[in-house]
Amino acid sequence: MPNIFLSPATYHTEREAVQAECHAFEQYLVRSLTDLLEMSLQDADIQFVRRAVDTDDLEAIVQSNLGEYALHLALHVNMAPDCLAGAMRGIQILYSPYSEEGELIAKTLATHLQRIYPLPDLITLEANEAIEQLTAVNSPAVMLLLGYRDSAADAEWLQRAEEEIARTISQAIEEYFNTTTLSAQEAELITQPAAPLMFEPAGSPPPVPCDAPKRKVIALRRGLVRSAFGGLVIRSAPDHTSSILKTIPNGSILTVLEDLGIWCQLRDGEIVGFALTNSLLIEPLEEN
């Protein structure tokens with residue numbers, strides 16, 4: 001199983017300093033929940049490293065980036081604005097808009113938490129580029145805001161159901177990684193030093209479907225799938241909201257029609273679509 005980095009919240013802001021009682025209650029909730037989550041992860045044979053106690057977010061980011069993790073999971077409890085204190089409920093799940101893997105993990109967590117949260121319609125997903133724990137870490141990252149600490153109903157649920165919450169988070173992580181576990185052969189391919197793939201140029205590609213973006217094909221190359229999550233997601237357009245056409249396992253070789261930077265257009269059999277370039281090892285262009 002992959003190794004994950006657990007980042008339970010610690011608090012250093014002036015606003016929270018003047019709310020010592022509420023702050024101490026949240027510290028208790030988050031730390032207690034993380035303790036239980038560790039036990040559930042151990043039962044699932046998922047390795048983890050926990051953020052050092054009393055570190056700020058910058059130090060947590062540095063600590064996370066010193067290792068190689070398949071997930072950076074930040075755990076928080078939300079807090080309503082003063083004018084709405086006690087009136088808000090719900091779970092927010094935040095992820096980086098630049099991470100397809102982070103979005104998929106966030107959606108898996110949302111699906112599982114909807115089964116146990118009393119108000120499942122109040123579980124929301126949000127792509128957030130302002131939070132550094134989501135965008136400045138090397139790993140796919142998700143931040144869970146598990147209810148509102150100033151809501152009596154959410155606070156009661158967090159205390160009463162903390163074992164179930166921890167177990168549910170662990171099951172969601174396990175489910176996600178079980179669908180993307182690398183085979184021994186695929187893992188060996190990924191860990192080998194990157195080297196050019198030498199192939200004869202392929203023939204002309206088939207016509208691109210009329211609903212796909214029309215792009216000039218500069219040169220055909222081959223690409224080896226080597227995603228850190230065990231498979232390559234091919235989408236109908238170069239954005240994370242487009243439909244998924246197919247998932248290709250690691251070790252597969254595809255025809256790359258065009259390198260667009262973050263995305264590339266490729267072909268697998270009769271399917272033409274788009275995928276993240278960093279999940280492929282693409283042979284270099286030949287110099288004339």
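Start with the whole chain: among contacts (heavy atoms within 4.5 Å) with a separation of 6 or more, 73% join residues 24 or more positions apart. What you see is a predicted model, where local features need pLDDT of at least 70, side-chain atom pairs count only at pLDDT 80 or more, and totals for chains, interfaces and linings use all residues. Residues are numbered from 1 along each chain as its sequence is written, and side-chain values use heavy atoms, with hydrogens and water left out.

Now colour by pLDDT, the predictor's confidence in each residue, from 0 to 100. The chain average is 80, and 77% of the residues score at least 70. Select residues 182–191: pLDDT stays under 50 there, and the model gives this stretch 16 contacts beyond four places in sequence. Residues 193–205 are also below 50, with 22 contacts beyond near neighbours in sequence.

Switch to cartoon view and you'll find eight helices and 13 strands. These are DSSP runs numbered from the N terminus: helices are H or I with at least four residues, strands are E with at least two.

Next, pick aspartate 35 and arginine 50. Their side chains meet in a salt bridge, 2.6 Å from N to O; the rule is a side-chain nitrogen of Lys or Arg within 4 Å of a carboxyl oxygen of Asp or Glu. Aspartate 35 sits in helix H2 (residues 20–43) and arginine 50 in strand E2 (residues 47–50), so the pair ties together parts 15 residues apart in sequence.

Which residue forms a salt bridge with glutamate 100? Select arginine 235: the closest N and O atoms of the two are 2.6 Å apart. Arginine 235 is in strand E8 (residues 231–235) and glutamate 100 in helix H4 (residues 100–113), so this pair ties together parts 135 residues apart in sequence. Both are buried, meaning under 20% relative accessible area, while exposed is over 50% and partly exposed in between (1.4 Å probe, protein chains only).

Stay on helix H4 for lysine 107 and glutamate 103, which lie four residues apart, about one turn of the helix. They form a salt bridge too, with the closest N and O atoms 3.1 Å apart. Lysine 107 is partly exposed at 38% relative accessibility, whereas glutamate 103 is buried at 7%.

Last stop, the cysteines: cysteine 83 is exposed at 72% relative accessibility, but cysteine 264 is buried at 0%.
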